[in-house]
Structure formats: structure tokens, C-alpha cells
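Please look over the two-chain model shown below. The questions that follow take up one residue and then the interface.

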Amino acid sequence: LKGDALLDDRDIIALMRSGNSDSFSEMVERYQAQIRRYLFRVTGDYFLAQDLAQETFVNAYQGILKTKTEISFKSWLYRIATNNAYQYLRHKKLVTFVPQDDTKEQQPQDSVDSSNCEDRIAVEEALLKIPKEHRTCILLHWVEGLKYVEIGAILGITEEAARKRVTRGSEEFKKVFIEAEGLER
Amino acid sequence: MKCYECAKYLQQYVDGDLSTSARASFETHVHQCTVCLTRLEASLSTREALGCLKGIQQETEFTESVMTKIKDAQLVSSPIKEHQYTQRSPKWFNWRFLAIGAVAAAAALALGLPSMLKPNERTLAANIALENPAIQAAFGVETSNPVTIQNVIMNDGQAVVILRRGDTTMVVVGVDVAAKEVTQWAIVDHPISGT
């Protein structure tokens, strides 16, 4: 695509609908890091997150030509990613999954920027100990930087419900995180 | 400021988006209310802790892999070809396979291919199949991987609709468009393997 840096999501979708399916690669480039990071934090498994992220983009590609969604492409991607993650967690009953030490070692070290982040592993573990509905909300808000109204649109809940989940999730996270740090000391 | 207002403006306060007067009102309330102070502390500490999870690098191979999968999926979702069935597990060579094959072959022979169809008839046939409760139950509840219409073969008000979800489930549905009803249907699980 020439000059594709100037194209916004709607332009690329229009290109795709006119038959230029390769233009979707720009969408993947644009959002892959965010979606991979989000799925990694929701599932706690780097390699699983990679697979789910690929599935998310394939689902998005298949859906984009057939459906017209009222939300932004970015929010729609997060919605698909969340559904894929929930589906996996439901089936594998990993809602309270906490990664073992050997799992952490398998995670590619260069995939995560760990600068100024001495507590990263403790944060990851604390995150995985809170309910997935709350974990999802605080990740979308505090890590992905989405507003409550966007989170509501992604999860199919009201803006107020999204705000409450973020607040509740933050309280739960703080409690678990502090308890874990207290045990270490 | 009341507690419910404090909860409402919590994010804006944390993000520094409140006006000076609203910020002062917020802080006055928080200093007097332990519940709201706890919420504020939780939000601030969570934001700070989760801040270290923001880094992740772009992967060029990822995009290539996705685009390859999409191209593969496009091949799979093209009209069914005979060779695609030859790669299935032998356990599927049972009466159900033969019955579905017979239905599809009979329909193809009776209707003649390519069929001279009106697009709206095909759409109507597909919708009748998709909206049938038994067909929906056959696919189960799953929102992330939508059911797709793979093909519709029809003539003179009679249709064979082929629906599928990913590579795992395919349903062949006979539809009487004039009567707006499903006449017969059958499931093929894992119709394609090794592709």
C-alpha cells in the first residue's frame, strides 16, 4: 500500500471490501502488539496468547467482510480477543490459573520490556488471581488505556458497569498484590 | 461531593482531567471518607503496578503468519471440492457421510450446475437455515467464531445450504424456500483434516 500511513482504519476496511485483502496486513501490524499483550495478560501464557491473537485477527478478517459493527475496529478486535480468551479459559478451566516458574522461563525475554519493573512477575501473578471479568476490565483500562465507555462496548456492558468492575478489580488487585509482597518479606 | 460522584470522577481525577474546582472538591471528600480514599489508593497503586506490563514488542513474523492463515482459510472456505473430503479420517466413512454425499450429489444433478439462481432466493434459503433452532443448536453457542454460509445450491424453491464454523463443524441443510422451512439436515463434524 502506498501512503498507507495516512490511511485510517475505515479506509483500510473500505479497501478490503473493495477486494484488496492484502491491506489487512496493515491492520495486523497496527494492532498486533496490543492484542498480543492483552491476551498474554488475560491468559498468563505467552505462547497461548500468540495463538489466540492469530485466531483473533483471522476471525476479524472473516467478520469484517460480512458484518458492519457499530464500534471501532480497535474495540471490535478487543471484543473478539476477549471472547477467544474467555472461551479458552472456560474450556480449560484456567480461570484461577497461576503460571509456574518453569512457564515463566519459557517466555521469550525479549518479548516484554521489563525495564523499571522489578515486581513484574509478582504483578503478573497477582493479576491472574483475580476473577477474569475484573482482570479483563483493569487490563483494558490501566494497561490498554481504554475509557469506560469503550470497555462497556467491548464487553457488552454499560459504562457504569465497566467503571464498577475497574474499581472492584483495582481493589482486589491491590489486596492480592500487597498480600503477596507481605509474604515475600 | 458525595461518594457516588467521587466514584464517578475517580478516573478523571487519576488521569488529571478534572477542573481545579472539581479536583479540590474531590480531594476534600477523599480526606473525609475512608471508603473513597481506599478506592483512590487502589486505583493509583493498580495503575502504577500495571504500568510495567505495557511493554511488548512488534513481531514481523506474526503478521506474516496471520496473513498466511487467512489465505489458507480462504482456500478452505471456497466451494467444496471433492479432494477435500479424501483427507478425512476413515471413521467418517460411515452411513452419515454417504447419506450427506447422496443428498448433495442428488441436489447437484437435479438442479444442474451452475444453477440459475436469483440472489435473493439464495439469501432467503440461507436465512431460513441459519434461523432454524435445530441448526443453531447443532452449532452450539459460540460468538467468537461465526457460522459462515459456504454454499447454497437451489432450484425451483428447493435449496441445499452448506453452513460451517471454522474447520470443525459443517451442517448440510435442505430448505423448502416456498414453505420457508427446513426439510432435512445433517451434521459433519471435522469435515476437513490435514489441511
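Q: Is Ile153(B) buried or exposed?
A: This is a predicted model, in which local features need pLDDT of at least 70 and side-chain atom pairs count only at pLDDT 80 or more, while totals for chains, interfaces and linings use all residues. Residues are numbered from 1 along each chain as its sequence is written, and side-chain values use heavy atoms, with hydrogens and water left out. Ile153(B) lies in strand 1 (residues 148–155) of chain B, strands being DSSP runs of E with at least two residues, numbered from the N terminus. Because its relative accessibility is 13%, and buried means under 20% relative accessible area, exposed over 50% and partly exposed in between (1.4 Å probe, protein chains only), Ile153(B) counts as buried.

Q: What area is buried between chain B and chain A?
A: In this interface, 38 residues of chain B are in contact (heavy atoms within 4.5 Å) with 47 residues of chain A. Buried area is the accessible area (1.4 Å probe) that two parts lose on being put together, summed over both. Carbon and sulfur atoms give 60% of this area, and the total is about 4,000 Å².

Q: Which residue of chain B forms a salt bridge with Glu171(A)?
A: A salt bridge here is a side-chain nitrogen of Lys or Arg within 4 Å of a carboxyl oxygen of Asp or Glu, and the rule finds three across the interface of chain B and chain A. In the salt bridge of Glu171(A), the closest N and O atoms are 3.8 Å apart, and the partner is Arg39(B).

Conventions: Chains are lettered from A and ligands numbered from 1 in the order in which they are written. Helices (H or I, at least four residues) and strands (E, at least two) are DSSP runs, numbered from the N terminus.
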